[in-house]
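Dear colleague,

Please find below the structure that I am handing over to you, together with its sequence. My findings follow directly after it.

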Amino acid sequence: MIKILAISGSLRKDSFNRKLLQVAKKIASNSEVQIKEFDLKENSLPIFDQDIAGSMPDSVKKIMEEASWADMFLITSPEYNHSISGALKNAIDWISLDYTKTTKGKWAVIFGASTGIYGTLRAQAHLREILGALGVNIIPQPEIFIGSVEGKFDEQGNFNDEKNAKVLEDVINETISLCLKNKEN
Ligand SMILES: Cc1cc2nc3c(=O)[nH]c(=O)nc-3n(C[C@H](O)[C@H](O)[C@H](O)COP(=O)(O)O)c2cc1C
């Protein structure tokens, strides 16, 4: 049984990336997995400060515990000024304090949606590098860039971009299967 932690880098209530994360969770739930979501808005983490790392606030303890529990991550981020959101980077900086438990050797599916045409390409390049520094495995191809996202979700949050939905499904399924093989060895 693969344990998955889902995180959206956008805190915005009507965020496209939050909606996309729900689509990804639904796809993943077709396999034998357990899924938790860590909501960066509900569990507001303080700005990373090594001076307070010794007496971690509850929200930090919670993300440390949930990341340690997980075998795999589903991470979506908006692109802000050609990079990932500050909220997501902040969360990663916190969990990196105990990276041998929280990230090392684990797997991630990274994806993102933006209103611009490149669909978070530049943000994801950064995210791949950051997670690489923490020993997270991410399959190299295909990548999931959802550009010009306005109009790609209906009122119920259904995603109507069939081509990208299929790529997302393929990457999630392949990552679950690699994560499972890795866990069995
Ligand atoms: C501060 C800020 C910076 C942004 N920078 C970029 C950018 O570099 N590239 C891009 O494609 N979109 C950029 N956008 C537009 C976002 O793609 C768009 O707001 C998107 O809806 C944010 O994701 P969300 O819907 O999940 O909140 C930016 C938006 C904001 C508010």
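In this predicted model, the ligand is surrounded by 14 residues, the closest being Ser15, Asn17, Pro78, Ser114 and Gly116.

Strand β1 (residues 2–8) runs parallel to β3, and the two are joined by 5 bridges. Within this pair, Leu5 has Phe73 of β3 as its bridge partner.

Strand β3 (residues 72–76) also pairs with β4 in the parallel sense, over 5 bridges. Here Phe73 stands opposite Ala108 in β4. On to strand β5 (residues 145–146), which pairs with β4 in the parallel sense over 2 bridges; Gly112 stands opposite Phe145 in β5. Between β4 and β5 the chain passes through helix α5 (residues 121–133), and this β-α-β crossover is right-handed.

Strand β4 deserves a separate word. Why is β4 largely enclosed by the rest of the structure? The reason is that 7 of the 7 residues of this strand (residues 107–113) are buried. Both of its faces are covered: Trp107, Val109, Phe111 and Ala113 are buried on one side, and Ala108, Ile110 and Gly112 are buried on the other.

With kind regards

Notes: Residues are numbered from 1 along each chain as its sequence is written. This is a predicted model: local features need pLDDT of at least 70, side-chain atom pairs count only at pLDDT 80 or more; totals for chains, interfaces and linings use all residues. A residue is buried if 20 or more other C-beta atoms lie within 10 Å of its own, exposed if 12 or fewer, and partly exposed in between; C-beta atoms are placed from the backbone. Helices (H or I, at least four residues) and strands (E, at least two) are DSSP runs, numbered from the N terminus. Two strands pair if DSSP finds at least two bridges between them. A crossover is right-handed if, with the strands pointing away from the viewer, the path from the first strand over the helix to the second runs clockwise. A residue is near a molecule or strand if its C-beta atom, placed from the backbone, lies within 6 Å of it.
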